[in-house]
Amino acid sequence: MGLLLLVLTAASFYRGPLLHRGTPSFVFDHNKLLISLGKGFHSPGVHQFSDASDALSVILMTDSPENRSRLARALRSMPIRSGECLEFTGNQAQKQVLVRHWMPAAQRVVLRIPLHPDRMTESDWCFLSGVGPGLARRIIQNRQKYGDFRNFNGLQRVPGIGPAVLRKNSALF
């Protein structure tokens with residue numbers, strides 16, 4: 001009887017593939033850190049970490065002691081944020097350099113990582129509804145000339161960004 005109770009209790013907490021049929025999916029917890037690891041890591045791809053301060057897990061995924069120390073120094077000065085890509089350039093014979101950049105907007109949207117207008121490239125802007133190459137170029141030029149937008153509403157200062165474009169894309173920011 002005790003064993004049956006234990007099995008039933010365990011089954012009520014188990015949410016694995018035996019209880020769910022159909023298409024497998026990935027569930028990302030938005031309180032956790034989602035980053036993309038590239039060249040220089042044992043397991044390239046998008047990874048979810050338990051919290052943004054857990055840099056040790058990321059450091060241990062590098063493929064060389066030299067890269068571990070480079071990454072540890074870099075993360076002390078600037079912590080990792082969701083949506084970042086980390087990779088090392090150069091080959092093993094050269095000194096490798098850590099490169100940090102943002103995932104493309106399309107990837108961040110799929111992963112439900114909010115976009116930020118100060119972290120977007122021209123191609124990222126073109127991904128958005130109602131934004132073509134010309135408007136994307138004006139957005140980048142405006143940011144370079146007048147400084148960061150600080151938030152989504154800061155985009156209103158760009159000629160060509162009207163209420164319709166803001167309304168269509170507000171959920172992504």
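The model is predicted, so local features need pLDDT of at least 70 and side-chain atom pairs count only at pLDDT 80 or more, while totals for chains, interfaces and linings use all residues. Residues are numbered from 1 along each chain as its sequence is written, and side-chain values use heavy atoms, with hydrogens and water left out.

Arg137 forms a salt bridge with Glu122, the closest N and O atoms being 3.2 Å apart. A salt bridge is a side-chain nitrogen of Lys or Arg within 4 Å of a carboxyl oxygen of Asp or Glu. Because Glu122 lies in helix α5 and Arg137 in helix α6 (residues 133-146), the pair ties together parts that are 15 residues apart in sequence. Helices (H or I, at least four residues) and strands (E, at least two) are DSSP runs, numbered from the N terminus. Glu122 is also partly exposed, at a relative accessible area of 31%.

## The other salt bridges

The whole structure contains three salt bridges. Side chains of opposite charge can pair when their charged atoms come close. In one of the bridges, Glu84 meets Arg100 at 2.9 Å, N to O. Glu84 belongs to strand β3 and Arg100 to strand β4 (residues 97-102), so this pair joins parts 16 residues apart in sequence. Glu84 is buried at 3% relative accessibility, whereas Arg100 is partly exposed at 24%.

Another bridge brings together the side chains of Arg108 and Asp124, at 3.2 Å from N to O. Arg108 is in helix α4 (residues 105-110) and Asp124 in helix α5 (residues 122-127), 16 residues apart. Both Arg108 and Asp124 are buried.

## Aromatic pairs

There are three aromatic pairs in the structure. Rings of Phe, Tyr and Trp (its six-membered ring) pair if their centres lie within 6.5 Å; planes under 30 degrees apart count as stacked, over 60 as edge-to-face and the rest as tilted. Phe41 and Phe88 make a tilted pair, with 5.7 Å from centre to centre and 35° between the planes. Phe41 sits in the loop between β1 (33-37) and β2 (45-49), and Phe88 in strand β3 (residues 84-89), so the pair ties together parts 47 residues apart in sequence. Both Phe41 and Phe88 are buried.

Trp125, Phe152 and Phe173 form one aromatic cluster.

## Nonpolar cores

A nonpolar core is a set of buried Ala, Val, Leu, Ile, Met, Phe, Trp, Tyr and Cys residues joined through side-chain atoms within 4.5 Å. The largest core has 17 residues, of which Trp125, Val131, Ile139, Leu155 and Ile161 touch the most other members. Helices α6 and α7 are the elements that give two or more residues to this core, and α6 supplies the largest share, four residues. Another core, of 16 residues, lies apart from it and has Leu33, Phe49, Ile80 and Leu98 among its members.

## Val131 and Val165

Contact means heavy atoms within 4.5 Å. Leaving aside residues up to four places away in sequence, Val131 touches Trp125, Cys126, Ala136, Ile139 and Val165. Val165 is located in helix α7 (residues 163-169) and is buried, with a relative accessible area of 14%. With the same exclusion of residues up to four places away, Val165 touches Ser129, Gly130 and Val131. Val165 and Gly130 are 35 residues apart in sequence, while their C-alpha atoms are 5.7 Å apart in space.

Technical notes: Buried < 20%, exposed > 50% of the residue type's maximum accessible area, 1.4 Å probe, protein only.
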